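Visitor: I would like to learn how to read this model, feature by feature. Where do we begin?

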Amino acid sequence: MQPETPFVKSPNVSNSAKYNIPVDELQLDSEALKEAFVNHVQHTQGKHPSAATRLDHFISAARTARDRMFDRWTRTWSRRERQQPKIVNYLSMEFLIGRLLEDGLVNLGVLEEMRTGLATLGIDLNQVLEQEPDAGLGNGGLGRLAACFLDSMATLGIAGMGYGLRYDYGIFRQDIVGGVQQESPDQWLRFGNPWEIARPERTYAVRFGGRVIQYTGSTGRLVHEWIDTDSVNAMAYDIPIPGYKNNVVNTLRLWSAKATNDFDISYFNRGDYLKAVAEKSATENITRVLYPNDQQPAGKELRLKQEYFLVSATLQDVINRHLRYHSDLYNLHEQAVFQMNDTHPALAVAELMRILMDVHAMPWDHAFSLTKRCCAYTNHTILPEALERWPVWLMERVLPRHLQIIYDINSQHLAEVKKAFPGDDERLRRMSLVEEGAEKRINMANLAIVGGSKVNGVSALHSQLLKQFLFSDFCDMEPSKFINQTNGVTPRRWMLKCNPKLATLITNRIGPGWEVDLDQLERLVPFANDPEFQAEWRAIKQHNKERLANALRRDLRIELDPTHLIHSQVKRIHEYKRQLLNILHVVSLYQQYRQKPPYDVTPRTFLFAGKAAPGYDMAKRIIALANAVGQTINNDVAVRQHLRVIFVPNYSVSMAELIVPATDVSEQISTAGTEASGTGNMKFSMNGALTIGTLDGANVEIREAVGEANFFLFGLRTEQVQASREAGYDPMQLYYAEPVLRAALDAVSSGAFSPDDTNRFKPLIDSLLYGGDTYMVLADFLSYVHCQRSVEAAYHDQVAWTRKSILNVAHMGRFSSDRTILGYARDIWGVYVPPIGGPRTSIVPPNSVR
């Protein structure tokens, strides 16, 4: 375990260059992959090939790919040892990395070679790929974005490391029982993780609790000492992140909590076997589960400990690495940057200050200047209630020294605010890191802003709203600190991997290279009116629909008609994302079809997927309503050939990889001014779905890119939403004025879809009619209904629809995460981006520092 003491520069690292040993690199042809696979079956799994299971096959294939990543991994670190580039340390509570085998084979450039090699053994690679569980390390867009960023940093050759937590159970498994969400543990590590490497030499003590004493040291300097603490060990597990065909492999380092005392023999000898291991169990709860329910004090405390655990272990690791090459920390900002993915890692500001001052005796002014130059903050929400605020009493108990440091930062910060805006006490209150009130709280977003060099939003609209509303006071004071970096997604996973037939068609028309330069998709524009190309395009969409239908039937016994127009709204269930608006439209369609049997309508399936937070009652009711409406419609013989509703349980990255390529219409219908960006909207457009959406988040930029004629727009704009609220928006007026809306609301409220409990969904409707309709569902309903009619009419003309689909894909270049990461590198991190296809090296020192 690494002690928390001033680190000493290693005398041996500088001699690593003498190990100039040429690498006998493992081969990538199908025969070599087959032999390596058989070797792992026999010598890693300990099985005769004839006795191997599909799980053995997956693990052996993963080890075969991992071996080849290791060659590149070691060379990458060897090269960086010599070059000493500035390293991006990306801190995130979530990394929704999904399955890694196929993604890794794609990035190594050996997917078809592996398929061929296994086929000669009578093994279907597709069946092998299905054995891999989705890594349960994230909940939604935040974690998936982080995973895309790691892929892009590796592909661009940027020296970067992801830092997160190795959750034992991660996000819960969702089952739908009787139409209701039920949660159970997601045992993604049940059979181990063949990608990870344990790094016991990278173990650090993380401390909690205790008290702080201060005294004057021998040099006359005021010393703060954090004593009587409890400790938890953080042990590193590394996962290789390969770039696309560039021989670069970066690292995702995940911390796992390990007890300092595994076993109390005295309790065991007295027969108290549970208490003998109680301390170990309680300690290791820190990385037991992603996002514990924080409605209770114990859950709040565990969540705070998780966030500090991530921050403390990461900073100790980075500083340890820095001091192997440098005599002090005064140039840390030249060698490291800490990107805080939302407010969860915001304690990095206070922890870095503590390490610099208390461990390394750096004066306050130097420490704070260095901290600000090292840290940067990405905001992912404009909903004030979603910003983290920790009670002072909890901080005082768990992290007393950090609370002192935050108070000191706040004192200095408010003095600067007072100087810049004399007499503005209300501004002082709004900008304070400490919120006064019945319960004093620390505003973590304000801490991240004050303690960082840059604050970025994740879409043009979002960044504008941050500057105009949420962080306007801070922007007035330091306008240059606030910038935009619109999100993006990696085309390697979200085109090459999930839609291989479309990727092949594109390559056949415009040639290779677009995978790492997505702007080249613009070269598809001339093919948008080509009848032959359109026919191939439609055939691929139909193939993807059939693929999804087969998977749903096989794995979930859900029937999807692949001849239908498929609408998909797949994302976290939340009121602001307005799944309820989608459902109410479906109810109105159902009522229309029941009253007058449809003639010559486009058969449509509305597909929903997503998880609700376990304590979020309204979101769980929305899931139940979607399932209840689906059950009614799907069992109605007069309607079901025209209209279907499907809720896909336990939504995951792997399921998204099937749904996204099969979708015709992407439902991006959040209230304008509530979604920071969204990345699902990008994935769907990148795969040829047309968007029906509001001018919210990145929808604005997608519409600009693909053209107004190729985007179905509805709903109030952000400024109209605000104006409507200020004018005293009354949803009841709409209820009485619009018969179609009233009929849909009455049907849900009266129990038409819940005959066993007529009041089951009444709270949902009451929240709209009597609760103020916070997210303007009723205000946008008629506009949404009319827009959906335009969608149906457009789909009748398949030539025009296909043209729109092709143009959507052709104009998606700006939404590659490669472009996003280049923006971060240029505007925030100040790191070197090597030219694509740079020189290779074959130097492997035996003790590469990772």
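Guide: Helices (H or I, at least four residues) and strands (E, at least two) are DSSP runs, numbered from the N terminus. On that basis Arg557 lies in the loop between helix H22 (531-556) and strand E17 (565-570). Two notes on the source. This is a predicted model, where local features need pLDDT of at least 70, side-chain atom pairs count only at pLDDT 80 or more, and totals for chains, interfaces and linings use all residues. Residues are numbered from 1 along each chain as its sequence is written, and side-chain values use heavy atoms, with hydrogens and water left out.

Visitor: What is the phi of Arg557, and is Arg557 buried or exposed?

Guide: First the scale. Buried means under 20% relative accessible area, exposed over 50%, and partly exposed in between (1.4 Å probe, protein chains only). Phi of Arg557 is near 55°, a positive value in a residue other than glycine. Arg557 is exposed, at 78% relative accessibility.

Visitor: Where is Asp228, and what is its phi?

Guide: Asp228 sits in the loop between strand E7 (222-227) and strand E8 (230-242). Its phi is near 55°, positive although the residue is not glycine. Asp228 is exposed, with a relative accessible area of 53%.

Visitor: Now the whole protein. How many helices and strands are there?

Guide: The protein has 34 helices and 22 strands. Along its principal axes the C-alpha trace spans about 90 × 75 × 65 Å. Buried residues make up 60% of the 850.

Visitor: What share of the contacts joins residues 24 or more positions apart?

Guide: Contact means heavy atoms within 4.5 Å. Among contacts with a separation of 6 or more, residues 24 or more positions apart account for 77%.

Visitor: How do I read a sheet? Which strands stand at the edges of the open sheet of 6 strands?

Guide: Start from pairing: two strands pair if DSSP finds at least two bridges between them. This open sheet has the order E19-E18-E17-E20-E21-E22, with parallel pairing. Strand E19 (643-648) and strand E22 (712-713) are the edges; each has a single partner strand, so one side of each is left without a neighbour in the sheet. Strand E18 (residues 604-609) pairs with E19 in the parallel sense over 6 bridges.

Visitor: Next, charges. How many salt bridges does the count give?

Guide: A salt bridge is a side-chain nitrogen of Lys or Arg within 4 Å of a carboxyl oxygen of Asp or Glu. By this rule there are 49. Take Glu183 and Lys620, whose side chains meet at 2.9 Å, N to O. This pair links distant parts of the chain: Glu183 in strand E4 (residues 180-184) and Lys620 in helix H24 (residues 617-634), 437 residues apart. Glu183 is partly exposed, at 33% relative accessibility.

Visitor: Are Arg703 and Glu708 buried or exposed?

Guide: Their side chains form a salt bridge at 3.7 Å, N to O. Arg703 is buried at 18% relative accessibility, whereas Glu708 is exposed at 57%. Elsewhere, salt bridges that share partners join Glu102, Asp103, Arg493, Lys497 and Glu657 into one network.

Visitor: How many residues of helix H3 are buried, and what covers them?

Guide: Helix H3 (residues 101-108) is mostly covered, with 8 of its 8 residues buried. Among them are Glu102 and Asp103. The cover includes helix H2 (54-83), helix H6 (141-156), E8 and helix H20 (491-497). After H3 comes Gly109, with a positive phi near 80°.

Visitor: Last, Asn446. What does Asn446 touch?

Guide: Asn446 belongs to helix H17 (residues 444-450). It is buried, at 4% relative accessibility. Leaving out residues up to four places away in sequence, Asn446 touches Arg430, Met431, Ser432, Leu433 and Phe474. A polar atom of the Asn446 side chain lies 3.0 Å from the backbone oxygen of Ser432.

Methods. Polar contact = N/O pair within 3.5 Å; in protein donor to acceptor, adjacent residues only side chain to side chain.
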